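Grab a pencil and have a go at these exercises. Try each task yourself before you read the solution under it.

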Amino acid sequence: MNLRPDPTFHASPKLAMQAPVENYAFTVMLSPDGAQSDGIAVVDLKPGSDTYGQIVHQVIVPNKGDEFHHFGWNACSSSLSPLSGHAFLERRYLIVPGIRSSRIYVIDVKEPLKAHIHKTIEPEELFAKTGYSRPHTIHCGPEGIYVSCLGGGGADGTDGPPGIFIMDCETFEIIGQYEMDRGPQDKHYDFWWNLPQDYMVSSEWGLPPQFEDGIVAEDLLSNKYGHSIHFWDLRARKNIQTIDLGENHQMALEIRPAHDPKKSYGFCGVVVDTTNLQGSIFTWWRDDDGKWQAKKTITIDPRPEKAENLPPLLQGFEAVPPLVTDIDLSLDDKYLYVACWGLGEMHQYDVSDPMNPVLAGKVEVGGIARGTAHPNGKPFAYGPQMVEISRDGKRVYWTNSLYSTWDDQFYPDDEGGQMVMADVGENGGLTLNPDFYIDFPKGMRSHQIRLEGGDCSTDSFCYPSV
Amino acid sequence: MFADMTSMAALWGAVIFSGVYHGVNPGMGWPLAVSAALMEQNARALPKALALLAAGHFLAMIAILLPFSVMFFLVEWETQIRIGAGILVIGMGVYLLINRRHPKFLARVHPARLALWSFLAAMAHGAGLMLVPIYLGICAIGTDETGHLAAQTLMSGNIGTAFTVAAVHTLSMTVAGGIIAAVIYVWLGLRFLSKTWLNLDVVWALSLVLVGAFGIWSAVHGH
């Protein structure tokens with residue numbers, strides 16, 4: 001507890017953009033076959049530092065096979081909410097779930113170079129207290145830390161629907177299930193909200209048997225992955241509306257609401273349209289009658305490719321699907337970054353008009369049957385995946401692994417973990433920085449990135465930018 | 001008589017001071033007034049939000065003071081009631097010192113229901129209790145002067161005093177919180193929202209202990 005609010009808490013997105021730049025990044029390191037323990041890499045981002053762009057510390061956990069994926073903070077700018085008054089929490093701990101083991105680590109990063117495990121929550125405790133498994137997205141909100149889970153109970157996570165649980169933001173005790181009325185929601189992936197407007201939006205990937213051992217082609221072709229987004233009355237904990245994006249829009253993943261809490265819209269990325277292999281972005285918004293709407297506002301076409309150049313999974317299609325696997329929105333709500341993990345491209349869209357996005361920049365690196373090298377000449381395995389934007393919107397970082405078993409199906413010949421950075425032009429545009437290239441330790445892949453002091457997919461703001 | 005007037009003035013001063021004290025505390029809601037005006041992009045939302053917060057706070061004060069005003073017509077138990085009230089207020093302060101966790105249920109209130117939120121926030125933090133020893137002190141002086149009156153008259157007098165105390169306190173709270181909210185909204189900007197936000201948890205709890213102790217002391221030693 002501090003006497004003053006944590007200096008990394010900002011009332012509005014605009015204030016967060018004006019704050020000092022990030023000094024460190026925390027990036028997931030995962031061992032795809034569980035041969036080594038997973039960990040968090042601490043990357044030096046201090047401008048002018050001798051070790052800039054290098055891994056300067058690692059927190060390696062004692063267990064194996066956790067499979068780290070997404071993670072988040074114990075506290076963010078949402079602590080300045082005038083309703084819950086947790087302004088004196090510290091942004092100090094990273095909540096890091098193992099998506100395969102269901103174990104959760106709380107890592108103390110107060111001193112990034114001495115980051116260490118503060119607490120471990122064993123899977124049995126999670127199962128007993130929530131009935132959920134495979135914890136995933138972390139957000140700090142009213143009443144504590146919210147964690148979405150991809151699995152329900154039982155060995156394969158299909159005993160009961162998956163959902164969100166709440167964790168105490170000071171003791172890290174699991175409090176219990178969030179939902180009071182989940183409506184038709186039976187799968188889960190990501191969620192985010194608008195705190196003053198009191199709504200939450202959640203999305204769907206698939207159930208654990210549909211992803212843990214690799215993508216299930218029959219399920220995909222019969223449209224059995226998630227294709228709906230759910231709107232919730234956040235504080236009443238009720239699903240108030242479900243929008244089916246259409247069953248061909250398979251895997252509705254990242255939910256990115258506008259950061260400015262005055263706005264009532266956001267985006268959702270869809271991995272693949274099974275009718276034409278396109279990747280797409282939907283814009284969702286609340287209309288004048290208070291009903292939620294969603295419309296496809298970006299489509300990205302597949303690239304034709306000879307079967308012989310493709311992994312067995314794609315040979316029958318003779319095309320590389322874009323595979324939109326992550327999206328991220330800059331704090332000024334201006335640029336939406338779209339990772340096309342299959343094509344090997346990172347797109348930057350100007351979404352000033354959220355209903356009419358315009359492609360503003362593009363970078364090619366990696367990619368199926370293309371494997372574009374980094375500008376420094378070194379290889380980039382797989383394609384651009386987890387993307388994170390600096391608070392000021394000037395630097396965009398990304399890594400390359402999607403999910404252990406899926407990497408192996410789409411890129412059977414690739415291996416390795418890389419983290420790169422691109423500079424954003426004054427009026428948009430995106431250029432890979434030739435000097436920023438991190439090759440992860442041998443046998444390790446990389447996934448989500450968190451920036452010290454908060455980034456564009458952690459902090460929820462309670463006051464509009466003015 | 002002169003001493004009584006001085007004590008009376010001091011006690012009313014305490015009512016006003018406690019209002020200012022509650023008003024500047026962000027936990028009693030002025031940031032909600034700033035956010036309402038910004039969210040609605042309309043400066044008029046600020047006084048409207050303040051009025052709703054004031055209504056909730058006033059109700060919370062009345063809800064605590066009224067039971068004491070009803071009890072206080074038992075003139076012969078005056079000292080005991082004041083000591084009991086003092087112990088209760090100290091107890092709340094000690095509880096808040098030991099249990100430093102924020103009441104989670106406040107986060108469940110819909111952001112638009114400001115009066116309800118304000119009522120619950122005041123209740124959860126013992127804001128009304130802080131007024132009890134002061135209020136009982138005022139009633140005690142009144143009782144001395146009107147000791148010959150019928151219990152009925154005395155009680156309605158005490159109830160009237162309860163409403164006046166709650167109103168004066170809420171008014172000074174609203175003015176104090178309103179000034180901070182307006183200065184931040186109109187001139188300083190949101191950057192100062194987090195800068196002016198001080199952790200008053202311990203000070204608040206100690207204030208309760210202090211006010212409770214004062215209540216007991218004044219009950220034992222006359223006002």
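**Exercise 1: a helix and its span**

How many residues does helix 3 of chain B have, and what distance does helix 3 reach from its first C-alpha to its last?

Solution. Keep in mind that this is a predicted model.
- Step 1: helix 3 of chain B covers residues 45-71, which makes 27 residues.
- Step 2: at 1.5 Å a residue, the expected span is 39 Å.
- Step 3: in the model, helix 3 of chain B reaches 40 Å from first C-alpha to last, close to that expected value.

Now find the place where helix 3 of chain B bends, and look for a proline after it.

Solution. The bend sits at B:Leu65 and comes to about 30°. Within four residues a proline follows, namely B:Pro67.

**Exercise 2: two helices packing**

Describe how helix 2 and helix 3 of chain B pack.

Solution. Two packed helices are described by the angle between their axes and by the distance between those axes.
- Step 1: for helix 2 (residues 30-40) and helix 3 of chain B, the angle is about 140°.
- Step 2: their axes are 8 Å apart.
- Step 3: the crossing of these two helices of chain B is right-handed.
- Step 4: helix 2 of chain B brings B:Leu32, B:Ala33, B:Ala36, B:Ala37 and B:Glu40 to the contact, while helix 3 of chain B brings B:Ala45, B:Leu46, B:Ala49, B:Leu50 and B:Leu53.
- Step 5: sort the residues of this contact by class, and you get nine nonpolar, no polar and one charged.

**Exercise 3: where the chains meet**

How many residues does each chain give to the contact between them?

Solution. Chain A gives 28 residues and chain B gives 24 residues. On the side of chain A that touches chain B, 18 residues are nonpolar, five are polar and five are charged.

**Exercise 4: over to chain A**

Solution. 
- Step 1: A:Arg100 lies in the loop between strand 5 (93-97) and strand 6 (104-108) of chain A. A:Arg100 counts as buried, with 22 C-beta neighbours inside 10 Å.
- Step 2: A:Arg100 touches A:Gly65, A:Asp66, A:Glu67 and A:Glu212.
- Step 3: A:Thr405 is in helix 5 (residues 404-410) of chain A. With 16 other C-beta atoms within 10 Å, A:Thr405 is partly exposed.
- Step 4: A:Thr405 touches A:Glu212, A:Asp213 and A:Gly214.
- Step 5: compare the two lists, and you'll spot A:Glu212 in both.

Technical notes
Residues are numbered from 1 along each chain as its sequence is written. Chains are lettered from A and ligands numbered from 1 in the order in which they are written. This is a predicted model: local features need pLDDT of at least 70, side-chain atom pairs count only at pLDDT 80 or more; totals for chains, interfaces and linings use all residues. The expected span of a helix is 1.5 Å times one less than its number of residues. The bend at a residue is the angle between axes fitted to the seven residues ending there and the seven starting there. Axes are lines fitted to C-alpha atoms, for helices over the stretch in contact, and angles run from 0 to 180 degrees between N-to-C directions. A crossing is left-handed if the near helix is turned anticlockwise from the far one by less than a right angle, and right-handed if clockwise. Two residues are in contact if their C-beta atoms, placed from the backbone, lie within 7 Å. Ala, Val, Leu, Ile, Met, Phe, Trp, Tyr, Cys and Pro count as nonpolar, Asp, Glu, Lys and Arg as charged, and the others, Gly among them, as polar. A residue is buried if 20 or more other C-beta atoms lie within 10 Å of its own, exposed if 12 or fewer, and partly exposed in between; C-beta atoms are placed from the backbone. Lists of a residue's contacts leave out its neighbours within four places in sequence.
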